[in-house]
Amino acid sequence: MEISDEAVIVDSSRLKSVVWKDFDRIKNGDTCVAVCRHCKKKLSGSSTSGTSHLRNHLIRCRRRSNHDIAQLLATKGKKKEGPIPLAIANFSFDQEQQRGSTTGKFEQGHAKDVAINIRNTYFDHKRSRFDLARMIILHGYPLAMVEHVGFKIFVRNLQPLFELVTFDGVEADCKEIYLIEKQKVCDLLDKLPGKISLAVDMWVAPKGDARYLCLTAHCIDDTWQLKKKILNFITVDPSSTEEHALLSEVIMTCLRDWDIDRKLFSMTFDSCSPVYDNVACRIRDILSQNRFLLCNGQLFEVGCAANVIKVMAQDALDALTDVTRKIRASIKYVTSSQSTQTKFNEMVDQLVVSGGVNSSNEKCLCLDDPVRWNSTYIMLNIALEHKDAFVLLQQHDPFYTNAICPSAIDWERASAITCFLKLFVEVSNVFAGNKQQNPTANIYFPEICDIHLQLIEWCQNPDDYISSLASKMKSKFNEYWKKCSLALAIAAILDPRFKMKLVEYYYPQIYGGNATECIDIVSNCMKELYNGHDIYSPLAAAGSHTQVNNNDRLTGFDRFLHETSQSQNIKSDLDKYLEEPLFPRSVDDFSILNWWKVHAPRYPILSMMARNILGIPMSKVAIDTGDRVLDHFRSTTALGSDTVQALMCAHDWMWNNGLEDSKSSSSPSAMALCYDAN
């Protein structure tokens, strides 16, 4: 639109619309032109054209200050009741993707029912960039989404003042957020009143070409809340011949980087592998040299309870491989054809009428996920309920042959193995069904003891098939029990509903005539652990060169009470705790952490010990279903290892800070690592 030299600027003071504060109305012959005072763009200024197009231009004018846009929207909102329609800028895919073949365009229109509330008239570009980075971290979106054409168009139409960021830019923002959040975690760990237990996990890439070491800190803070923080997510070399030396060195480096090596109480590994045993021994030796470990490190190495259950369940399923294959094929045969399914259902109905099948327990046949042992149990259990129907089907269907139909012996073995798996599933459900998001260590002892007793009984079964399988499972269970029984028992003793009584109940059943000696071992370890905490208690520290509070003039009095109580043989916290009656087990909604929080003043030293013991992660997951594999759709191969760690850790920290509902579908466990560069 050309403007001639004879054009005249019209006085706009008589014009009522607020937009004329930002436009010059120029009369050019018989037409009027509106010229933006900011970007000098020329638009129609005719009285018949209205001012909507001028307002829409001001909203997306990049040379206009943001507070003026807010003022414009606020003024416009006073004229109209209800939501304010915003014009959509006429950006096209051609403009954004000049090298591509996309030709579709966004036509100018109006957004429907968009309500705008102007509260802050200042646009903070850096904050918006950080909001974008936090969104990517929280929800596991790919970093490359900022370079997607649709995302660019969406952002430009939503807020023209926002300067689009590149992949490198949002990556840098994510790393900056990681450093900010890391400092918060450092402050938390530094102020902890107790020690830290470390969980060690190994992750693998979808194609197995990369492995990742995940270190997670478990602790109980000063408010008696159980906290879990991922500290590191590090790429490790899968081809290393000295894996145990490499892992131990990496772990110690991480502990020193966080300055928590002196605070480490225990380590939990997700596998009973000789490699992890060597790693634990090396780290324990290093920490023992500096006298950082209590009770000579007897409780330092802990195995994952879910992992040993998974190993035993896998042994049971391996012994039933052929039978499982037949049952799986039988279910596929029945469900693959509507006519066969109908015939099978009729046979089930006949058995219900005759009493051969319990109608109240009738469930639909289903296939399992072979990598999830608990789903195989569900498949076998339901198939056993329909065993008689499968037998009838074989009698009436010539195509349902012995090749896929289980024999009578097969069904007997499937029933026996299902009994094994049922116990494992029930115990796992206790771990998963605990009301606490992260179960405390005290809940595991009775469940593990029940498995121990059942294995002993199965080993004595007269059926060689059952006894030999039970012996194989028990040998692996014994490795776990030898390593973890002390920690399990002490955690149960620190539950005021059980104390020593639960150990005294189970050990005679497990050890028989040797029960007294084994109970004494637990009792002596309990006392030794208590004495270790007594030495490092604040009262004992007051007797040395360190004072807890320099402004407390009665610190000497506290030391006097502590020393005189020892010299006068006054009962210790441990003695008083064990002698007092048990807390009623029938009380609903019992929280052991709340109990210790309330009783910490009465048992100051024992409460320190309870804080450290109850925070041990006896099992890192409720049901272990195999290796933790990264989603191949969100491959991390194009991201640097430092970026992967920043995304993984920041995601965990931000979720745990309560920004989102941890029970949603995008929970930290489900989002474990979903970052992409594509």
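1. Helices here are DSSP runs of H or I with at least four residues, numbered from the N terminus.

2. This is a predicted model, in which local features need pLDDT of at least 70 and side-chain atom pairs count only at pLDDT 80 or more, while totals for chains, interfaces and linings use all residues. Residues are numbered from 1 along each chain as its sequence is written, and side-chain values use heavy atoms, leaving out hydrogens and water.

3. Aspartate 259 follows α7 and has a positive phi, near 60 degrees.

4. Lysine 182 lies over the face of tryptophan 258, 5.0 Å from the ring centre. The criterion is NZ of Lys or CZ of Arg within 6 Å of the ring centre and within 35 degrees of the ring normal. Lysine 499 likewise lies over the face of tyrosine 577, at 4.5 Å from the ring centre.

5. The structure holds 26 aromatic pairs (ring centres of Phe, Tyr and Trp, the last by its six-membered ring, within 6.5 Å; planes under 30 degrees apart are stacked, over 60 edge-to-face, the rest tilted). Tryptophan 595 and tyrosine 603 form a stacked pair, at 6.3 Å centre to centre and 15 degrees between the planes. Tyrosine 603 is buried, with a relative accessible area of 1%.

Note on methods. Helices (H or I, at least four residues) and strands (E, at least two) are DSSP runs, numbered from the N terminus. Buried means under 20% relative accessible area, exposed over 50%, partly exposed in between (1.4 Å probe, protein chains only).
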